[in-house]
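Thank you all for coming; I would like to walk you through one structure this morning, going slowly for anyone who has not seen it before.

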Amino acid sequence: MQPPSTPASSASFNGQPQGVKAVMLQLAVRSGLTAVAVPVALAVTLLLYPVWSWLERTTGIESVGHSGPADWCYLAVWAPMAAALLLPPLWRLVLALWRGVEGPANTPH
């Protein structure tokens with residue numbers, strides 16, 4: 001009877017390359033953080049009100065109204081925050097999957 005292998009000692013776990021499970025977990029956590037970043041982006045957008053006013057005065061792009069910054073201003077603040085949270089684990093996931101298919105993870109040690 002063979003001893004059960006652990007995920008750390010095998011090249012793959014449940015048919016996935018080693019490290020994919022950890023990266024997927026990190027991606028899930030960071031996806032949750034992007035949802036939490038919405039109120040933070042809201043606050044930062046409101047703090048940038050003088051910048052939006054200046055942008056509207058100098059370029060003519062509608063940035064502020066009687067109820068605050070325009071919708072695109074909120075998106076312009078939240079999108080880079082979300083990208084900064086999501087792109088690193090997505091990149092690691094792609095690399096882990098690519099190495100699992102073509103890289104040293106499938107070679108015997």
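Helices here are DSSP runs of H or I with at least four residues, numbered from the N terminus. What you see is a predicted model, in which local features need pLDDT of at least 70 and side-chain atom pairs count only at pLDDT 80 or more, while totals for chains, interfaces and linings use all residues. Residues are numbered from 1 along each chain as its sequence is written, and side-chain values use heavy atoms, with hydrogens and water left out.

Let me begin with Tyr74, which lies in helix 3. With a relative accessible area of 23%, Tyr74 is partly exposed, a class that falls between buried, under 20%, and exposed, over 50%, using a 1.4 Å probe and protein chains only. Leaving aside residues up to four places away in sequence, Tyr74 touches Leu42, Thr45, Leu46 and Pro69, where contact means heavy atoms within 4.5 Å. Although Leu42 and Tyr74 are 32 residues apart along the chain, their C-alpha atoms are separated by 6.3 Å.

Next come the aromatic rings, where Phe, Tyr and Trp (its six-membered ring) pair if their centres lie within 6.5 Å, with planes under 30 degrees apart called stacked, over 60 edge-to-face and the rest tilted. That rule gives one aromatic pair. Trp52 is buried at 8% relative accessible area, whereas Trp72, at 33%, is partly exposed.

Methods:
Helix = DSSP H or I, 4+ residues; strand = E, 2+ residues; numbered from the N terminus.
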